[in-house]
Amino acid sequence: EYAQRNKMVNTTSFTWYKGDDRPFTDNQPGPATDNERAINYGKSFALELNARFRFGQTYSTYPAFRVYEGSEWPDLNIKVRTAIPGVLGSDADYGVVQVQLKQENLSWGLAGYSNWNISGGYFFNRKNIQTMDYYTPLGNLTLFGRPAQYDQGFFLMPYYAYATKKSFVEAHWRHHLQGWLLDKIPVVRKLNWKEVLGASVYYADGLLTDSPYPAKVPYWEVEVGFENIGFKVLRPFRIDVAAGFLGDKYYTTRLVLGIDL
């Protein structure tokens, strides 16, 4: 990856809601007076290697193609990314390694299936690293979400507040009951909604302590939701109610509408 980094400048303060007098902030997580986090725009040349190891993989071979079957073991994913200074004017100089264990469709029989993953990483080089190169978990501050990303992110986590250039670890678990409870209720069963339970947790060093949002670790969430919402064969909607916690302190609760198109 080769990048020329330029500042994104706010060009208007227009808002549809006239009663909203909140100022537009600059497009960087930390204040401009913070030399450690203020962004120094320039060039970056980086190499990234991604590898997946699937244990217990089986397949069937046919004359013209091969069909791979699932595995009872989780996948091991390894990512190494390093920025090399001096190449094509690049001044970025950092390195990070991340390891993830991930498993999907772990069957619980009639009680549905689970998706889970746990990952951790460490920046082994931080000689010249900018805020956009930090590890930033997938957060959300809106009423909407993408169900395809739920197994990798958080429902309520503030943007940038948990970005780090040191070590980090996070885990996600979602269980899809597939109607194990709702199908036992005569009237509700006709809706064909499916239940979902889940939890996520995140811990990291070197957080942005001057973020406008609280950043206390571990950050964790629990949620309950319903998926397969819609009409006939068109069922792209999902509704979740999630609660977030900062360590042992309650943070907030919010409803999130998921749309998976």
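How many nonpolar, polar and charged residues are in the lining of the second largest pocket? Hi everyone, the lining has five nonpolar, three polar and five charged residues. Here Ala, Val, Leu, Ile, Met, Phe, Trp, Tyr, Cys and Pro count as nonpolar, Asp, Glu, Lys and Arg as charged, and the others, Gly among them, as polar.

A quick word on the model: it is predicted, so local features need pLDDT of at least 70 and side-chain atom pairs pLDDT 80 or more, while totals for chains, interfaces and linings use all residues. Residues are numbered from 1 along each chain as its sequence is written, and side-chain values use heavy atoms, leaving out hydrogens and water.

Back to our pocket (on a 1 Å grid over the protein atoms alone, an open set of points where a 1.4 Å probe fits, with protein on both sides within 12 Å along at least five of seven lines; lining residues have an atom within 4 Å of a point). Pro-147, His-176, Glu-227, Arg-238 and Asp-260 are the closest to its centre among 13 lining residues.

Glu-227 is buried at 14% relative accessibility, and so is Arg-238, at 4%. Buried means under 20% relative accessible area, exposed over 50%, and partly exposed in between, with a 1.4 Å probe and protein chains only.

Elsewhere, Asp-248 pairs with Lys-216 at 3.8 Å, N to O. Asp-248 is exposed at 64%, whereas Lys-216 is partly exposed at 41%.

Conventions: Salt bridge = Lys/Arg side-chain N within 4 Å of Asp/Glu carboxyl O.
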